[in-house]
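I opened this structure for the first time today. These are my notes, in the order I took them.

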Amino acid sequence: MRRTARLRASLVLALPFLLLTQLHAQAPAAGVLRGRVLDRSTSQPISSAEIGVSGHAATATSGPDGRWSLPPLAPGGYLLRVRRIGYAPGSLRVSLASGDTSRVEVRLAPSALPLDEIVVTAARRGQRLADVTVPTEII
């Protein structure tokens, strides 16, 4: 009788662990998104581009060769957003299967940023070009 009670108590204590192990085994394996960011017109790698997943905190930055890798993500569809100063932002829909590594190539188009003119003078205060009384040149 005493032995049966011990066995029963052991089963009651072990059952939650067995169930958790079974649930963990059934969870889908995470996948990995990797890729490269290239200039659309020259096909040269773009370094320091920021790659993000819309709606997630996962981000990566491209290296000198344009390559990047995001942390593991659950299987499913994602919207990648890529941006870099001097280029128009890009986005791409990708699908990630369980346990797979998906490779993505993103090409960004160069884009000039509109900036206001800056006047550099020897004065101790800033001036607008229209207010300067001496001849100046814009470089």
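**Entry 1: Arg 36.** I began with how open Arg 36 is. The model is a predicted one, and in it Arg 36 is partly exposed, at 26% relative accessible area. I placed Arg 36 in strand β1, which covers residues 32-39. Next I looked up what Arg 36 touches, leaving aside neighbours within four places in sequence. I found Pro 45, Asp 65, Gly 66, Arg 67, Trp 68, Val 104, Glu 105 and Val 106. With Asp 65 there is a polar contact: the Arg 36 side chain reaches the backbone oxygen of Asp 65 at 3.0 Å. I also checked Arg 36 against Ile 46. The two are 10 residues apart in sequence, and their C-alpha atoms are 8.3 Å apart.

**Entry 2: Ser 62.** Is Ser 62 buried or exposed? I read 5% relative accessibility for Ser 62, so it counts as buried, the limit being under 20%. Ser 62 sits in the loop between β3 (59-61) and β4 (67-69). I then listed the contacts of Ser 62, not counting residues up to four places away in sequence. They are Val 37, Ile 46, Ser 47, Ser 48, Ala 49, Ile 51, Arg 67 and Trp 68. For Ile 46 I noted a distance too: a polar atom of the Ser 62 side chain lies 2.8 Å from the backbone oxygen of Ile 46.

**Entry 3: salt bridges.** Side chains of opposite charge can pair when their charged atoms come close. How many salt bridges does the count come to? I got 3.

I took Glu 50 and Arg 83 to begin with. Their side chains meet in a salt bridge at 3.4 Å, N to O. Glu 50 is in strand β2 (residues 50-53) and Arg 83 is in strand β5, so this pair ties together parts that are 33 residues apart in sequence. I compared each partner with the cut-offs. Glu 50 is partly exposed at 35%. Arg 83 has 51% relative accessibility, so it counts as exposed, the limit being over 50%.

Then I turned to Arg 67 and Asp 65. Their side chains meet in a salt bridge, again listed at 3.4 Å, N to O. Arg 67 is partly exposed, with a relative accessible area of 48%. Asp 65 is partly exposed as well, at 34%.

I noted Glu 105 as partly exposed at 47%. Arg 107 is partly exposed at 32%.

**Entry 4: a surface patch.** Which residues form a nonpolar patch on the surface? I found Ile 85, Leu 113 and Leu 115, with about 380 Å² of accessible area together. I followed up on Ile 85. Ile 85 lies in the loop between β5 (76-83) and β6 (90-96). Its relative accessibility is 67%, so Ile 85 counts as exposed.

**Entry 5: the whole chain.** I stepped back to the chain itself. Its secondary structure comes to 1 helix and 7 strands. Along the sequence I read the pattern α-β-β-β-β-β-β-β. Of the 139 residues, 23% are buried. The chain exposes about 10,700 Å², and carbon and sulfur atoms supply 56% of that area. I looked up contacts last. Among those between residues at least 6 apart in sequence, 49% join residues at least 24 apart.

Note on methods: Residues are numbered from 1 along each chain as its sequence is written. This is a predicted model: local features need pLDDT of at least 70, side-chain atom pairs count only at pLDDT 80 or more; totals for chains, interfaces and linings use all residues. Side-chain values use heavy atoms; hydrogens and water are left out. Helices (H or I, at least four residues) and strands (E, at least two) are DSSP runs, numbered from the N terminus. Buried means under 20% relative accessible area, exposed over 50%, partly exposed in between (1.4 Å probe, protein chains only). Contact means heavy atoms within 4.5 Å. A polar contact is a pair of N or O atoms within 3.5 Å; within protein, one must be able to donate a hydrogen and the other to accept it, and residues adjacent in sequence count only if both atoms are side-chain atoms. Patches are made of residues with over 30% relative accessible area and no salt bridge: like charges are joined within 9 Å, nonpolar side chains (Val, Leu, Ile, Met, Phe, Trp, Tyr) within 5 Å. Accessible areas come from the Shrake-Rupley method with a 1.4 Å probe; for residues, only the protein chains shown count as cover. A salt bridge is a side-chain nitrogen of Lys or Arg within 4 Å of a carboxyl oxygen of Asp or Glu.
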